[in-house]
Amino acid sequence: VIAHTWDRWRTRLGVALLAVFAGVALLAPVVAPNDPNTQFQDKAYAPPMRVRLSDGAGFHAPFVNPQVLEDRLARRYRDDETARLTLKWFSGGKIASLGADQGPLLLLGADPLGRDLFARLVHGARLSFALAALGVMGALILGAVIGGFAGSSGGAAESGLMLITDFFLVLPGAYLVLVLRGALPLVLSTTQVFFLMAIFFSIAAWPHAARGVRAIVATERQREYAMAARAAGAGPLRLMRHLLPAARGFLTVEVLLLIPALLVAEATVSYLGLGFPVPTASLGTMLQDAAKVSLMREAPWLLAPAATLFAVVLAVQLVVWTSAPATDLFVGRRRTP
Amino acid sequence: VNASLAAFIGRRVAAALLFVALVSSAAFVLVRIAPGDATTDLHLTRGGAAAAEEARARLGLDRPLLTHLGSWVTGLLTFDLGQSTVYGRPVADLVKERAGATAALASLALLLAAAIGLPLGVLTASRPWVAAAVAPISIALVACPPIIAVLVLLLVAVSTGWLSIAQGSYAVPTLALALPIAAMLERLHSQAMSEMLSSPDLLAAAARGVPRGRLLWVHAARQALRPVLGIAGAVVGALFSGSLAVEMMTSWPGLGRLLFDAVAGRDLFLAAGCALVGAMFVALANLLADVARAVIDPRVRESA
């Protein structure tokens, strides 16, 4: 019973987390207090500001202390405890921000160029999520059509299509995307990269979906309604339209499994500098700063995109995780065979 | 070796060779038709157009695509993979060095992942308290692909000094690659095990008086390997894709980084050489997994 309750709450927690991530990403321009590409003067490597309620003497509306640059070379900042900057809510189209003359609100600190890391993270996550979503959609459509056609036609078409599927299935995704990317000009605009990468990700990710759909549809083809349709003269395409809905459940789970894979793919390709161009923020381009070992100790907040990626994949895992049934002759609770 | 197993292996070897041939020529064609080539930079800097034309002729880039591909394939027969323009060295030498580095990293990671993941899978399937203790770790690790794992490990290394981050140290790259795969193997083996444990033949073996440990670690664990070997292709893919990220982040001189250099530098022969060796690795790993599956399960030999 305990395990059962935990299972239910685990799934709910995962769904809730995913909903929060999706919401924040959708509302990026409202959630981010600053523009993601503005370089604030004297803010390079500024640490995250703490939102406080108490200054020791008493409680106040949520506020932050202004940051004072103590040493430009050592990039040392100090919180000015004597002054309070009260957060402004829902002003200027932002959920929370600071007044125009109070400098930027840096919830996650600033990157090496003095840009608001939180704003970049939120906007970058939006771009990465959108790309992953588009890639998943493409992969599932390709997979459903190819797998569905193979499963409902059978015979030589089926084995031929499955041979092609297996060929693509064993190609390591990152290598495949890298070589495909190599066939294009090195410098592309953000929009071009977005759609081209969505196509590459679809090409890299469809075989898994196609295999699953093929298996389901091929089983379904043996059922009576499918035989009736065939007897009535339905060709493979028409038959596929009747059989594909059987794979709906599988495809739903496949969405959840592919999203993390494609987020990681974007992160890898953009980290390598073959994805989104400078200065576009995405989870991958932000990893370029995060991966600098020399910065890890003095500016650990630069690892925020890695933490975000981890949190998203974790949320998906919480949803799709299945506890192995613990009812067998080894666990005591008997199940009669 | 009986006849059906031999025939199965024969078919698989033929398929693997075809796979390698297709992948490497596809990579060659893709990089060749890409806009810009190794001489594009030459145009802008020294020499100008005349030098670029001369270099194109030397590299064979002015020849028709199919002739060019044909001469590359004939070169293969004598292990001549052409000359790298980025490194100015024969591709065969480069690929040999780098492939060794990736193979060492990937096989060590795979061994480590199997040594951790498979026995843990047996334990989590048979002991609820182990399952409860391992589940959160396993969830977290599955959610930690190599590109993230390597950052976490680097952070640990930098802040505690427990791991060496010196160039060439195996600790960070191997662990980053192995841990997510270990969690994946644990999950899969655990599920297969718990299915095995409730199957009638295990109950029958228990009734015959086979000791509990032997039932668990020999009878069930061996049969539960079948579904694990079934996703060998995915594991190999994860190893390679992961090792690309790990190699870039830890400056590991492997095949992934070489391919990156080739693609970024429009180095035609180098890219094709990397694809060739990468495809050979993938094909070989899948071949071994297929043969292992066919040895464990005779039914596999008849299909495909």
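Predicted model: local features only at pLDDT ≥ 70, side-chain atom pairs only at ≥ 80, totals over all residues.
Local features were considered only at pLDDT of at least 70 and side-chain atom pairs only at pLDDT 80 or more, while totals for chains, interfaces and linings use all residues. Side-chain values rest on heavy atoms, without hydrogens and water, residues are numbered from 1 along each chain as its sequence is written, and chains are lettered from A in the order in which they are written.

Side chains of opposite charge can pair when their charged atoms come close. Over all chains, the structure holds 16 salt bridges (a side-chain nitrogen of Lys or Arg within 4 Å of a carboxyl oxygen of Asp or Glu).

One of these joins Arg52(A) and Glu81(A), with an N to O distance of 3.0 Å. The pair links distant parts of chain A, 29 residues apart: Arg52(A) lies in strand 1 (residues 52-54), and Glu81(A) in the loop between strand 4 (76-79) and strand 5 (85-86). Strands are DSSP runs of E, at least two residues long, numbered from the N terminus.

Arg84(A) is in the loop between strand 4 and strand 5, and Asp55(A) in the loop between strand 1 and strand 2 (59-64), 29 residues apart. Arg84(A) is partly exposed at 38% relative accessibility, as is Asp55(A) at 29%.

In chain B, Glu97(B) pairs with Arg89(B) in a salt bridge at 2.6 Å.

Definitions and conventions:
Helix = DSSP H or I, 4+ residues; strand = E, 2+ residues; numbered from the N terminus. Buried < 20%, exposed > 50% of the residue type's maximum accessible area, 1.4 Å probe, protein only.
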